[in-house]
Amino acid sequence: MSHGAQAKPATARKSQALSGTVRIPGDKSISHRSFMFGGLASGQTRITGLLEGEDVINTGKAMQAMGAKIRKEGDTWIIDGVGNGALLAPQAALDFGNAGTGCRLTMGLVGVYDFDSTFVGDASLTKRPMGRVLNPLREMGVQVTAADGDRLPVTLRGPTTPTPITYRVPMASAQVKSAVLLAGLNTPGITTVIEPIMTRDHTEKMLQGFGANLTVETDADGVRTIRLEGQGKLTGQVIDVPGDPSSTAFPLVAALLVPGSDVTILNVLMNPTRTGLILTLQEMGANIEVLNARLAGGEDVADLRVRHSELKGVTVPEERAPSMIDEYPVLAVAASFAEGTTVMNGLEELRVKESDRLSAVADGLKLNGVDCDEGEASLVVRGRPDGKGLGNASGAGVATHLDHRIAMSFLVMGLVSEHPVTVDDATMIATSFPEFMGLMAGLGATIEGGND
Ligand code: S3P
């Protein structure tokens, strides 16, 4: 695992216009779920376009450790699932590396089984709060052994018969919603999740696709009630994973910022729970053309043509945060080159990502000369459209704290700032976007170091 390996710094320098057409690797959220649901369902699941990042591969290994048969033939991943309710007890701890999604969703998936399952991860994942998933599992009758503060390593043991619950998700988190629903798959009766603020809905859509009896009702205030009937049959599916909008964000913002750029990004997932960044950038004046919008495998997909644009600062509506939660670091970079001030509120969840992303972003911006203020749950960035003085002439590196999105965001910054931008480590980019360096170089970006 790269995050256990030696750190490799990388430096990005002011680049020529970016141009070309690229295809972004598969969506991470859908890839995790494809391995999980394929591994659980009866019969065969065939997946193309899967993200082969370390995070997703760890989820695949966990499913194999619980009985799923997974192999790759050509471009297709083929999974023979165990059948709902028939996961095997893992013989060793399940190591999720850097991946919160893999770890938290699998806790739900297997935690209610009447055997022990143990969860471990890297230094980043070990610091992240697991109580948000462990608490509803406790209500369902799961016995939990965890390190202080409900941190990893965690061992779960389900009861003989889990209790179905009605759970109101206390924070905007698709991982928590999903963990409860997945626990409900092996629980008799109806498990209900109430989601006051809508988050990405891949679990709901995909479970329905696999044949689960799952309904969603949305009231006049937008509060969603999701009901899942437990112990139903899931049947293997054919899945073509669309490109990850969160990975798309990096070449997209780079193309907006580097003068003269014209980049087309193919096959991007446009599920409305994921497109907050595109909307925000368009409000900032970004020239992003949505081409060939289509429906593929039940998801909205499109190609994006992105041209260099003069951006202006905006106030990002707080309620938009869940639909762009992973994109704030790169939005902050875009804001650093916008005319005027960009205000981002409602960012409390950023503090519990792969790093405390709010302080990691603010520290990195300051190190590279950006005028910004970090609040408890907010970030204010005052931009410099000409990039003058931005970057770090002394070569001091941004502390990435094992966070792939911090590393990629600041490498994008270096493509347009006056001085180069260095990140202290780029190896963990492989958790979500192993092709990043090659793809950016192919567009004309100057980035040295990292995994080269
Ligand atoms: C994810 C949910 C989000 C997101 C993460 C992927 C998912 O996390 O940040 O990258 O696939 O369910 P939270 O549930 O913590 O918001």
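**Entry 1. Model and conventions**

I note that this is a predicted model, in which local features need pLDDT of at least 70 and side-chain atom pairs count only at pLDDT 80 or more, while totals for chains, interfaces and linings use all residues. Residues are numbered from 1 along each chain as its sequence is written, and side-chain values use heavy atoms, with hydrogens and water left out. The pLDDT is the predictor's confidence in each residue, from 0 to 100. I recorded an average of 97 for the protein chain, with 99% of the residues scoring at least 70. Helices (H or I, at least four residues) and strands (E, at least two) are taken as DSSP runs, numbered from the N terminus.

**Entry 2. The ligand site**

The side chain of serine 173 places an N or O atom 2.6 Å from an oxygen atom of the ligand. For lysine 353, a side-chain N or O atom is 2.7 Å from a ligand oxygen. Glutamine 175 takes part through its backbone, with an N or O atom 2.8 Å from an oxygen atom of the ligand. Taken alone, the ligand exposes 390 Å², of which the protein buries 95%; I note that these areas come from the Shrake-Rupley method with a 1.4 Å probe, and that for residues only the protein chains shown count as cover.

**Entry 3. Helix α6**

Serine 173 caps the N-terminal end of α6, with a side-chain oxygen 3.3 Å from the backbone nitrogen of glutamine 175. Helix α6 covers residues 174-185, and its 12 residues reach 16 Å from first C-alpha to last, close to the 16 Å expected. The expected span is 1.5 Å times one less than the number of residues.

Is α6 enclosed or open? I found 12 of its 12 residues buried, so the helix is largely enclosed by the rest of the structure. Buried means under 20% relative accessible area, exposed over 50%, and partly exposed in between (1.4 Å probe, protein chains only). Among the buried residues are Gln175 and Lys177.

**Entry 4. A four-stranded sheet**

I traced an open sheet with the order β22-β23-β1-β24 and mixed pairing. Its edge strands are β22 (397-398) and β24, each pairing on one side only. Two strands pair if DSSP finds at least two bridges between them.

Strand β1 (residues 10-13) runs antiparallel to β24 (residues 446-449), with four bridges. It also pairs in the antiparallel sense with β23 (residues 421-423), over three bridges. Which residues face threonine 11? I found glutamate 448 as its bridge partner in β24, and threonine 422 opposite it in β23. Strands β22 and β23 run parallel, joined by two bridges, and glycine 397 stands opposite threonine 422.

**Entry 5. A hairpin**

I also looked up β20 (residues 371-374) and β21 (residues 379-382), which run antiparallel and are joined by four bridges. They form a hairpin with four residues between them. Aspartate 373 has valine 380 as its bridge partner in β21.

**Entry 6. Backbone particulars**

I recorded a cis peptide bond between leucine 152 and proline 153, with omega about -5°. Proline 153 lies in strand β9 (residues 151-157).

Aspartate 150 sits in the loop between β8 (143-147) and β9. Its phi is near 55°, a positive value in a residue other than glycine. At 18% relative accessibility, aspartate 150 counts as buried.

Asparagine 292, in strand β16 (residues 287-296), likewise has a positive phi, near 55°. Asparagine 292 is partly exposed, with a relative accessible area of 49%.

How values were computed: A polar contact is a pair of N or O atoms within 3.5 Å; within protein, one must be able to donate a hydrogen and the other to accept it, and residues adjacent in sequence count only if both atoms are side-chain atoms.
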